Amino acid sequence: MLGIMKKCLLAAGLILGLAAVAGAQVVPEIQLSSRGVVSANYDLRSAGDEEAVADFSDSSLLLGFRQKLYSDYRSRFVTGFQFPDAGSSLGQVYFNHVFMQVENRTNILELGRTRLGTSLLEFPTLRDDDALGLTDVPNPFSDGRETEDTQFGNLVQYTRIFANRYRLALHGENLAESGLADPAVGLNSGGVTFQYRVPDTQLWNRPHLMQVGVSWLARFLDQDDFDRSRDEVLNSFIASTIINLRPDPVSFWDFRLQAIFTDGLDGDGVLHGYRDTATARSYSVFGTLRFLRRKLERPSVQFSLSGGFKVYPDQIRDTGQWQLVGNALTRLGEGFDLVTQVQYRHQTGDLAGLYGQDEVRLQVGFVYSVTRLWNEFFDDRDSLLNLEHNYIP
């Protein structure tokens, strides 16, 4: 009798243990991430005005939840905000991420507001908008006052992953519209992106070719908003690559390059404002040569030199710009970095008349990144900090 009772108690304990495990599987994983970016900026422009400010723009806080579904899929909800640029009309904070995601190993469906596919690469600049005019396809519906109009928007996106290295993404967006008589809330942009990317789990192998990508973006322009005789489609094409020049997991060099072509609308050969710069035919190229040293799989120092140019071939006057960005980073503690950056921008033709001919900016600041995780069930493919600008790409 005692043996039977022991067996019954053992069976009951096993059932309760399995029930507890099953119950734990439906407990959501909780992620909390934050990145603080604070710098002192010193600007010197050709017009002669100088500026020194304490800049905390792009500092962000994100909260995410992930949940196992009743299949091999999992769900995700993310909400997060960042501090926009000083003097922004967006207010004190801007909710740049509010989206839902359903995914398994090879399929990802996203719906909500998040980062747009206006660029295929991240460059080692202090902030992601430091070279925005050269690194991202501009938003033609915006008046250009807010950089967030180009970077974030409402979208629906489906991504298919092949052989763990190839990604095909189909996306439709509602880009922010400002300064238009009748702002639309429906679909005003769409596109297709295809990329070859080495998986994060194999980054330490350091192959020579890390990434190759191409993208097509289409903006659907309403004739009334853009003073055209008919509705038109503005097409942009992006090509990018990342090459490890010295594939060493401790001290290595890499090279990043991205090119953007916009077919443009017919105009009068003069850029009158931001919307003209976003809709005119243009070519841009931007690249980075970077050195990164890691100790114990943690970055210790990084040096990079980035540069590029953009030209508008259809303008009456030779119009374009070129830019150089030098960046140096030193890790002072876990997730805490000292960053120094120098930029020089030169503009010609109509751009010089609109924004000035020369600008030099010196920035010295700190970046602190922190993540906390509760009820860890999944891998880190969807780390919240991956949604923000990675200045150590």
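Reader: What is the chain built from, in terms of secondary structure?
Author: The chain has five helices and 17 strands. The model is predicted, by the way, so everything we say here is about a prediction.

Reader: How much of the chain is buried?
Author: Of the 393 residues, 46% are buried. As for the surface, the chain exposes about 19400 Å², and carbon and sulfur atoms supply 62% of that.

Reader: What share of the contacts joins residues at least 24 apart?
Author: It's 61%, taken among contacts between residues at least 6 apart in sequence.

Reader: Let's pick a residue. Why is Ser-284 called buried?
Author: Its relative accessible area is 4%. Buried means under 20%, so Ser-284 gets that label at 4%.

Reader: Where is Ser-284 found, and what does Ser-284 touch?
Author: Ser-284 is found in strand S13, which covers residues 282-295. Setting aside residues up to four places away in sequence, Ser-284 touches Leu-134, Gln-258, Ala-259, Ile-260, Phe-309 and Lys-310. Take Ile-260: it is 24 residues from Ser-284 in sequence, but their C-alpha atoms are 5.2 Å apart in space.

Reader: And Ser-282, what makes that one buried?
Author: The cut-off is under 20%, and Ser-282 has 5% relative accessibility, so Ser-282 counts as buried. Ser-282 is found in strand S13 too. Leaving aside neighbours within four places, Ser-282 is in contact with Ile-260, Phe-261, Thr-262, Lys-310, Val-311, Tyr-312 and Pro-313.

Reader: Which residues line the largest cavity?
Author: The lining is Gly-133, Asp-136, Pro-138, Ile-260, Thr-262, Thr-277, Ala-278, Ser-282, Tyr-283, Ser-284 and Lys-310. Strand S12 (251-262), helix H4 (274-279) and S13 are the elements that give two or more residues to this lining. The largest share comes from S13, with three residues.

Reader: What lines the second largest cavity?
Author: Its lining is Leu-116, Gly-117, Thr-118, Glu-173, Leu-175, Ser-189, Leu-217 and Arg-219. Those divide into three nonpolar, three polar and two charged. Leu counts as nonpolar, so Leu-116, Leu-175 and Leu-217 belong there.

Reader: Which residues do ring pairs link into a cluster?
Author: Phe-56, Phe-81, Phe-83 and Phe-95. The structure holds 13 aromatic pairs.

Reader: What makes the phi of Asp-58 worth a look?
Author: Most residues other than glycine have a negative phi. Asp-58 isn't a glycine, yet its phi is positive, near 75 degrees. Asp-58 lies in the loop between strand S2 (50-55) and strand S3 (60-68).

Reader: Why is Asp-58 called buried?
Author: Its relative accessible area is 10%. Since buried means under 20%, Asp-58 is buried at that value.

Reader: Which loop holds Asn-164, and what is the phi there?
Author: Asn-164 lies in the loop between strand S7 (152-162) and strand S8 (166-174). Asn-164 has a positive phi of about 65 degrees although it is not a glycine.

Reader: Why does Asn-164 count as partly exposed?
Author: Exposed means over 50%, buried means under 20%, and partly exposed is in between. Asn-164 has 41% relative accessibility, so it counts as partly exposed.

Reader: How do you know whether Arg-361 is buried or partly exposed?
Author: Arg-361 has a relative accessible area of 21%. Buried means under 20%, so at 21% Arg-361 is partly exposed. Arg-361 is found in strand S17 (residues 358-374). Residues up to four places away don't count here, and Arg-361 touches Asn-41, Tyr-42, Asp-43, Gln-341, Val-342 and Gln-343. Gln-343 is 18 residues from Arg-361 in sequence and 5.1 Å away in space, C-alpha to C-alpha.

Notes
Residues are numbered from 1 along each chain as its sequence is written. This is a predicted model: local features need pLDDT of at least 70, side-chain atom pairs count only at pLDDT 80 or more; totals for chains, interfaces and linings use all residues. Side-chain values use heavy atoms; hydrogens and water are left out. Helices (H or I, at least four residues) and strands (E, at least two) are DSSP runs, numbered from the N terminus. Buried means under 20% relative accessible area, exposed over 50%, partly exposed in between (1.4 Å probe, protein chains only). Contact means heavy atoms within 4.5 Å. Accessible areas come from the Shrake-Rupley method with a 1.4 Å probe; for residues, only the protein chains shown count as cover. On a 1 Å grid over the protein atoms alone, a cavity is a set of points where a 1.4 Å probe fits but cannot get out, and a pocket is an open set with protein on both sides within 12 Å along at least five of seven lines; lining residues have an atom within 4 Å of a point. Rings of Phe, Tyr and Trp (its six-membered ring) pair if their centres lie within 6.5 Å; planes under 30 degrees apart count as stacked, over 60 as edge-to-face and the rest as tilted.
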